Amino acid sequence: MTSNPGKTVFVLNGPNLNLLGTREPQIYGAHTLADVQELCRTACQRHSLQLVFRQSNHEGELVDWVHEAGRLHAQQQLAALIFNAGAYTHTSVALLDAVKGTGVPLVELHISNVHAREAFRHHSYLSAAARAVLCGFGVQGYQLAIDAVAQW
Ligand code: DQA
């Protein structure tokens, strides 16, 4: 069941997520970013949602992409922005402002349980602007997030 068939889910991934599969596998698991994209593709297909899936190591590029999602949102064509901002979660006022400035419905996502890790990962700039926050489900979290936003 889907409340918004035809709408687009933006899935954005921030710095170092291109290293999934080889990066600290004891924390992030063995799946690659290509595997995550495939999970998202299948989940979106199941809900008749369009998928935009991207990764960047550059904060400004991520800001630009949030704006792009914002333009879709303004046209009522965005189901949600699912955003794993990686380390920028804990540092970026610019990404918070981009989300607030566009009003996109945000799911903040983390593969690991950031609250069970170093103290500097416990604070997120994005949470204040998020409709939902999901962490600790591994890469399966992406699929769970898509299943949830399909009902929004
Ligand atoms: C992460 C958690 C962040 O603290 C970290 O900087 C990442 C990945 C996660 O998916 O668990 O790069 O967002």
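User: How far is the backbone N or O atom of Ala87 from an oxygen atom of the ligand?
Analyst: The distance is 3.2 Å. Keep in mind that this is a predicted model.

User: And what about Arg121, how far is its polar side-chain atom from a ligand oxygen?
Analyst: That polar atom of Arg121 is 2.9 Å from an oxygen atom of the ligand. For Arg23, a side-chain N or O atom is 3.0 Å from a ligand oxygen.

User: How much of the ligand's accessible area does the protein cover?
Analyst: The protein covers 99% of the 320 Å² that the ligand has on its own.

User: Where does the ligand sit?
Analyst: In the largest cavity.

User: Which residues surround it?
Analyst: The ligand has around it Arg23, Tyr28, Asn84, Gly86, Ala87, His90, His110, Ile111, Ser112, Val114 and Arg121.

User: How does that shell divide into nonpolar, polar and charged?
Analyst: Four residues of the shell are nonpolar, five are polar and two are charged.

User: Now the fold. How many helices and strands are there?
Analyst: The chain has five helices and five strands. Read from the N terminus, their order is β-α-α-β-α-β-α-β-β-α.

User: Why call the chain as compact as a globular protein of that length?
Analyst: Because its radius of gyration is 14 Å, close to the 15 Å that the globule rule gives for 152 residues.

User: What does the C-alpha trace span along its principal axes?
Analyst: About 40 × 30 × 25 Å.

Methods. Residues are numbered from 1 along each chain as its sequence is written. This is a predicted model: local features need pLDDT of at least 70, side-chain atom pairs count only at pLDDT 80 or more; totals for chains, interfaces and linings use all residues. Side-chain values use heavy atoms; hydrogens and water are left out. A residue is near a molecule or strand if one of its heavy atoms lies within 4 Å of it. A polar contact is a pair of N or O atoms within 3.5 Å; within protein, one must be able to donate a hydrogen and the other to accept it, and residues adjacent in sequence count only if both atoms are side-chain atoms. Accessible areas come from the Shrake-Rupley method with a 1.4 Å probe; for residues, only the protein chains shown count as cover. On a 1 Å grid over the protein atoms alone, a cavity is a set of points where a 1.4 Å probe fits but cannot get out, and a pocket is an open set with protein on both sides within 12 Å along at least five of seven lines; lining residues have an atom within 4 Å of a point. A molecule sits in a cavity or pocket if more than half of its atoms lie within 2 Å of its grid points. Ala, Val, Leu, Ile, Met, Phe, Trp, Tyr, Cys and Pro count as nonpolar, Asp, Glu, Lys and Arg as charged, and the others, Gly among them, as polar. Helices (H or I, at least four residues) and strands (E, at least two) are DSSP runs, numbered from the N terminus. The radius of gyration is taken over C-alpha atoms; the globule rule is 2.2 Å times the number of residues to the power 0.38.
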